[in-house]
Amino acid sequence: QGLFMPRSIRDNMTAGLLPRLASGRGIIDRKKERDVATRTSERLSVKSAGIEAPANSLSGGNQQKVLLSRGILHEPRVLILDEPTRGIDVRTKSEVHRLIMDLAGQGVSILLISSDLPEVLGLADPFVVMHEGRMSGKMSRVEAGEQEILRLALGLAAAKVSPCPTPTLPPPGWTITGTTFSPSPARLSASRLSRPGLAALP
């Protein structure tokens, strides 16, 4: 998602950068564009036949790197990454993690959205846990534990176990002679109580 698959790696990397690569007459400086794409490809270790190779010829992990490079080339102060390592191999994942840490070290603020718990614990500090679109907790890496995070993610932190109501029993010697049910089968109420030798209660 986000890539122009038939287009080259160069085109995909510099798609949002063209105004900065154009001359005063609005003509794109192709040499500058190639230089930018080549340096970025080397920096991110994109494995390909070259920057003119189509994006659909790359593995999933290298496609992810190309997509990340487009955002990085804008030199952002804030970068939002939504599941940046989903579906890629372990080696590429570690390379993306290193890139994220390098960017953070350069002063880039990164908002990382991930369902990969080890990834969150390894990269984010502090972090927020969401449940059904709402924030269920916020903590630092020191405070966090996998069980606590899972509990918040499942919404168990806010769950309160209500004590079972004490059933209302008939007085000694009385028996239930009729019952009625509410729409929920779990709710049962006695409609009539009787005692041997006495009239039934209304």
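Where in the chain is the place of P126? The points below take up this question together with some other features of the structure, which is a predicted model.

1. P126 sits in the loop between α6 (117–123) and β3 (127–131), and the peptide bond that leads from D125 to P126 is cis, with an omega near 0°.

2. On the surface, V78, I80, L111 and I113 form a nonpolar patch that has about 370 Å² of accessible area together. The elements giving two or more residues to this nonpolar patch are β1 (78–82) and β2 (109–113). I80, which belongs to strand β1, counts as exposed because its relative accessible area is 55%, and the cut-off for that word is over 50%.

3. Two glutamates deserve a careful look at their backbone angles. E75, in the loop between α4 (60–72) and β1, has a phi near 50°, a positive value in a residue other than glycine, and E75 is exposed at 63% relative accessibility. E132, in the loop between β3 and β4 (134–139), has a positive phi near 55° and is likewise exposed, with a relative accessible area of 72%. Most residues other than glycine have a negative phi.

Key:
Residues are numbered from 1 along each chain as its sequence is written. This is a predicted model: local features need pLDDT of at least 70, side-chain atom pairs count only at pLDDT 80 or more; totals for chains, interfaces and linings use all residues. Side-chain values use heavy atoms; hydrogens and water are left out. Patches are made of residues with over 30% relative accessible area and no salt bridge: like charges are joined within 9 Å, nonpolar side chains (Val, Leu, Ile, Met, Phe, Trp, Tyr) within 5 Å. Accessible areas come from the Shrake-Rupley method with a 1.4 Å probe; for residues, only the protein chains shown count as cover. A salt bridge is a side-chain nitrogen of Lys or Arg within 4 Å of a carboxyl oxygen of Asp or Glu. Helices (H or I, at least four residues) and strands (E, at least two) are DSSP runs, numbered from the N terminus. Buried means under 20% relative accessible area, exposed over 50%, partly exposed in between (1.4 Å probe, protein chains only).
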